[in-house]
Amino acid sequence: GLCAGTGSWSDADQDAGLSKYTAMKKAVCADGRARGMFAFYGANRTGRWAGRIIQLQNLPQNHMDDLAEARALVRDGDFDALETLYDNIPNVLSELIRTAFIPKPGYKYVVADFSAIEARVLSFLAGEQWRIDVFKNGKDIYCESASQMFGVPVVKNGINGPLRQKGKIAELALGYGGSVGALKAMGALEMGLQEEELQPLVTAWRDSNPNIIKFWWAVDTAVKKAVTYHSTEITHGFTFANKSGMLFIDLPSGRRLCYVKPKMGQNQFGGDAVTYEGINTGKWMRLESYGPKFVENIVQAVSRDILAYAMKTLRHCFIVGSVHDELIIECSPGVDMKAVCEQMGRTPPWIEGLLLRADGYECQFYKKE
């Protein structure tokens, strides 16, 4: 369990609408720790852990430079000083939510996470070599993606630097079949991109990543064949089998993804689509999917299995939480953070050749660096 350590709880927390603090207050045990925060296999389509109770999977990020100072004021209940120093108290309290989690006395946190895990896995599975080379050479995937898309060198804070933002938003929005709508949902217009730039951005990204596009549609074809003919299909090393009223996708780790009662149907555009039964917004219903969406499930599931392998590698450590691609470890001051990252970044034997990297930092309260 994580150790909760805020000290003073006030009505200001609830007045600010910060329900996380209320959840913490309700969840904390007599020994000051919070337990049961993660549901194993909570995400039913990928098998990822899901947040429960306090919901560590969706905590607000922190951007304040003086996090420790603001935290001390709240902990000590010095709200007069807080109001004097900060204009937006609810925002401060929101940024401090992560810092409510602290290691037990005499210990520290090592927070380690995988670098661009989904981009690495997607590139590897699709065989997109230029992207694999970017990771191999330790380069910035957003700069290199922009460079590939626009045909010019792009350096962060350097030559053609502003193009990096376009590379970044394209990388985050377009890897799983997203188009103009996905760019907008990711905040492209708020970031200063113009409406007329969006479709060319989609086209440029797809032209730069032909093997990822092939992967999407190879998976789409394999799934449709398996569902239509109750057959077993193989592409890109994955087996898709429709049997016993289930669509199974075999993963490299040996685990399987499972879709209930698959059948062919029509999508909103009148084209063929695979549908299956599952839970959406708490209700059991028939859902539709297609190649890029199945690829997203596969990539996230493989990434989850890599995290599980890392947890097994680091089982000698006291792992108190896992958030997406990140591990929170409570350890004694003598533990070497770099050694933890080296062990976490080891490639599992079942996906040999994939290049992984884990980065980390040490802290006396949980935060995002």
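**Labels and their cut-offs**

Analyst: Asp113 stands opposite Asp359 in β14. This is a predicted model, in which local features need pLDDT of at least 70 and side-chain atom pairs count only at pLDDT 80 or more, while totals for chains, interfaces and linings use all residues. Residues are numbered from 1 along each chain as its sequence is written, and side-chain values use heavy atoms, with hydrogens and water left out.

User: What makes β5 and β14 a pair, and in which sense do they run?

Analyst: Two strands pair if DSSP finds at least two bridges between them. Strand β5 (residues 108-114) and β14 have six bridges, in the antiparallel sense. Strands here are DSSP runs of E, at least two residues, and helices are runs of H or I, at least four, both numbered from the N terminus.

User: Why are β12 and β14 said to stand at the edges?

Analyst: The open sheet has four strands in the order β12-β13-β5-β14, with antiparallel pairing. β12 (318-323) and β14 (358-363) each have a single partner strand, so one side of each is left without a neighbour in the sheet.

User: Why are α6 and α13 called roughly perpendicular?

Analyst: Helix α6 (residues 117-126) and helix α13 (residues 291-313) pack at an angle of about 115°, with their axes 9 Å apart. Axes are lines fitted to C-alpha atoms, for helices over the stretch in contact, and angles run from 0 to 180 degrees between N-to-C directions. Angles under 35 degrees count as roughly parallel, over 145 as roughly antiparallel, 65 to 115 as roughly perpendicular and the rest as oblique. The two helices, α6 and α13, are therefore roughly perpendicular to each other.

User: Which residues of α6 meet α13?

Analyst: Contact means heavy atoms within 4.5 Å. On the α6 side they are Ile117, Glu118, Val121, Leu122 and Leu125, and among their partners in α13 are Val295, Ile298 and Ile306.

User: Where does Ser147 lie, and what does it touch?

Analyst: Ser147 belongs to helix α8 (residues 141-150). Leaving aside neighbours within four places in sequence, Ser147 is in contact with Val152, Pro153 and Val154.

User: How do you know that the chain is as compact as a globular protein of its length?

Analyst: The chain has 14 helices and 14 strands. Its radius of gyration (taken over C-alpha atoms) is set against the globule rule, 2.2 Å times the number of residues to the power 0.38. The radius is 23 Å, close to the 21 Å that the rule gives for 369 residues, so the chain is as compact as a globular protein of that length.
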